[in-house]
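Subject: Structure handover

Hello,

Please read the notes with the model open.

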Amino acid sequence: MVSHCVILVLVVTLIDCISLITCKSDTWDRFIFAQEWPIAVCEKANETGHKCLIPAQVNSWGIHGLWPTNGHTKGPIGCNISKEFNFAMIKPLVEELQLLWPNIYADTSMTNFWKHEWDKHGRCATTLPATANEYLYFKQSLQLMKKFSATTLLGNMGIIPSKTAHYRLDQIQLVLMQQLGNKTVIVECTKDSGTGLQMIFEVEICLDKEFNPIDCYTRLDRQDNLASGHFLRKHKDNNEGNCPRGQKAFEYPPIPQH
């Protein structure tokens, strides 16, 4: 017998897809698919006063979000063109979400992270049939994680979590680009409060509306190292999260085994 949750999802999916006919044209042209490293998330949690706990089942990069974006900016956000978060819609996906899109802030509810991402970003994605409602948005994000997992992309080229090894930023970016059709990506960092070094925090892959990799920034925003063939993004400022260009070694610490 088909569960009531699945029936609800199917009915709402049909209604939302039909409702797209009456929606005005959207104002974004790409997605940013963002992934975060759990150890670095815990560093961020310490900065903001949250309690961090990496669930026992989590041993890889996790989804941060799937963000509709206009050009080389960020946004739109907080759109009111679809329904607010309804946990019942994604209940069939919970097991996968807990593994690939976990909430590591232990002082918030299990659904808090998902609600935040849906209300801020997901509702803006509903003008696209593939992400026309809450269920489809989260389902698509999970599918993208299986295809573009940073754990796999980095590991394929020998960049693996380590207590002792350090990696160059251009090395990490080049490895990702090589497996994404030479498309530019964004890598963000955060400071390790224990060592004072920067660690890799986030990987952002840009996708067109058919979920194919595209450049996150243009050649005009690239700072090429001709000697190595590596490419770096030119940051116009040094806001928190932007990897310092003067640092040569970046941490990628392993997730503790439970």
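The notes cover a strand, the nonpolar cores and the disulfides.

This is a predicted model, in which local features need pLDDT of at least 70, side-chain atom pairs count only at pLDDT 80 or more, and totals for chains, interfaces and linings use all residues. Residues are numbered from 1 along each chain as its sequence is written, and side-chain values use heavy atoms, with hydrogens and water left out.

Strand β1

Helices (H or I, at least four residues) and strands (E, at least two) are DSSP runs, numbered from the N terminus. Two strands count as paired if DSSP finds at least two bridges between them. β1 runs antiparallel to β2 (residues 62-69), with 7 bridges joining them, and is also paired in the antiparallel sense with β5 (residues 198-207) over 6 bridges. F33 stands opposite L66 in β2 and opposite I205 in β5.

Nonpolar cores

A nonpolar core is a set of buried Ala, Val, Leu, Ile, Met, Phe, Trp, Tyr and Cys residues joined through side-chain atoms within 4.5 Å. The largest one has 60 residues, and W61 and F138 have the most contacts inside it. Helix α6 (residues 134-148) supplies the largest share of this core, 8 residues. Leaving aside neighbours within four places in sequence, F138 is in contact (heavy atoms within 4.5 Å) with F85, I90, L93, L97, W101, W114 and W118. Another core, of 7 residues, lies apart from it; I32, A34, I186 and C206 are among its members.

Disulfides

There are 4 disulfides, each a pair of cysteine sulfur atoms within 2.5 Å. With the bonded cysteines numbered in sequence order, the pairing is 1-2, 3-4, 5-8, 6-7.

- C42 to C52: S to S is 1.8 Å. C42 is in helix α2 (residues 38-48) and C52 in the loop between α2 and β2, 10 residues apart.
- C189 to C243: the sulfur atoms are 1.9 Å apart. The S-S torsion is about 90°, so this disulfide is right-handed. C189 is in strand β4 (residues 186-191) and C243 in the loop between β8 (230-233) and β9 (250-252), 54 residues apart.
- C206 to C216: S to S is 2.2 Å. The S-S torsion is about 115°, so this disulfide is right-handed. C206 is buried, at 3% relative accessible area, and C216 is buried at 6% relative accessibility.

Regards

Terms used. Buried means under 20% relative accessible area, exposed over 50%, partly exposed in between (1.4 Å probe, protein chains only).
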